[in-house]
Amino acid sequence: MEKTTFTRRNFVKSATVGSLSLSALAPSSFASAPSTVAAGKRVGIIGLDTSHSTAFTKVLNAPDASADYQGYKIVAAYPHGSKDIESSTKRIPSYTEEVKKLNVEIVDSIEALLAKVDVVLLETNDGRRHLEQLIPVLKAGKRVFIDKPIAASLSDVLTIFETAKKYQMPLFSASSLRHIKGVEKVDKTKVVGADTFSPAVLEKTHPDLFWYGIHGVETLYTVMGTGCKQVIRINNEGTDIVVGTWADGRVGTFRGTRTGKHDYGGTVYTQNGNIVLGPYGGYEPLLKDIVSYFETGQVPVTPEETIEIFAFMEAADESKRQGGVPVTLESVLKKAKKS
């Protein structure tokens, strides 16, 4: 496993863009995106090791792209990416070829990417790399969306938002499950509780729920809002159940599955009746949020909510380590701030 040199209190402030350059993939001779892309609308991708990269490119670079995307086009991409997660690294060659066919220029460093774009999608599938790859983007003063998971540790989550504040650059991270079908019917002021579910496939380089369970946890927070105080986790080989208690007494649960068919959904309990969540609504609603942020600088998800989501998952991990006892979010945040 790659060991990061970035911690909350002492990350390498002298990190240079040049150190992020890799020579494994030479710049493509393929033509860059059309010069007709308006100034301010040129999007760059860091990380071609996730299907999100190709999905976003297909939507934004479509000849008949919706006016909702306000003319934003992906013009360049830096492919790397996870270094040691096989399920990610093996995707890079094929995804590189896919985006090249969509008029995306492939570059060999983040420095080269930043010279060609106005805004950035940080898509690297490996949350451990996000902090180091983010810093040059912030130094360049470019708005950036960070795909899930925003980081592979709670301390890095805190550092990312502190660093963004230092450079006076608002940023956000979100799962596309924030827009699952049914959410549009929810009045948060009427919610008395919720149960959500999603796959919770594990990746040894990341805390358990950070890698995939985040989808269902973010759905839970989308309808419940912030304010969870403690969690209890039940865990076995095929299933996780995390029960969260909010400060106002409401209870929200997340079920993460590793057997059976992968699916996403849930139930929201409200003062006026129950609302069923699902099915998954695709990437487009999240992409519209991203474009709106690129255009306005206004984030649709606050740093406070994202930090609490990751504290919820970290507290669930701690509960597992302690055999299923209640763990407060405050306790894991306190520990992360010291690391």
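Contact here means heavy atoms within 4.5 Å. These legends describe a predicted model, in which local features need pLDDT of at least 70, side-chain atom pairs count only at pLDDT 80 or more, and totals for chains, interfaces and linings use all residues. Residues are numbered from 1 along each chain as its sequence is written, and side-chain values use heavy atoms, with hydrogens and water left out.

View A. Let us start with valine 144, which touches Val120, Leu122, Leu134, Val137, Leu138, Leu171, Phe172, Tyr293 and Phe294, leaving aside residues up to four places away in sequence. Buried means under 20% relative accessible area, exposed over 50%, and partly exposed in between, with a 1.4 Å probe and protein chains only.

**View B. Glutamate 314 in helix H10.** Glutamate 314 has its place in helix H10 and counts as buried because its relative accessibility is 17%. Its contacts, not counting residues up to four places away in sequence, are Leu154, Phe210, Arg321 and Val332. The C-alpha atoms of glutamate 314 and leucine 154 are separated by 7.0 Å, although the two residues are 160 apart along the chain.

**View C. The open sheet.** Here 6 strands run in the order E3-E2-E1-E4-E5-E6, with parallel pairing. Strands E3 (105–106) and E6 (172–173) are the edges, each pairing on one side only. Two strands pair if DSSP finds at least two bridges between them; E1 (residues 42–46) and E2 (residues 73–78) pair over 5 bridges. Look for isoleucine 45 opposite alanine 77 in E2.

**View D. Helices H1 and H3.** H1 (residues 51–60) and H3 (residues 92–100) pack at an angle of about 10°, with their axes 10 Å apart. Axes are lines fitted to C-alpha atoms, for helices over the stretch in contact, and angles run from 0 to 180 degrees between N-to-C directions. Ser51, Thr54, Thr57 and Lys58 of H1 meet Tyr95, Glu98 and Val99 of H3.

**View E. Helix H8 and the glycine after it.** In H8 (residues 214–224), 11 of the 11 residues are buried, His215 and Glu218 among them. Just after H8, glycine 225 takes a positive phi of about 80°.

Note on methods:
Helices (H or I, at least four residues) and strands (E, at least two) are DSSP runs, numbered from the N terminus.
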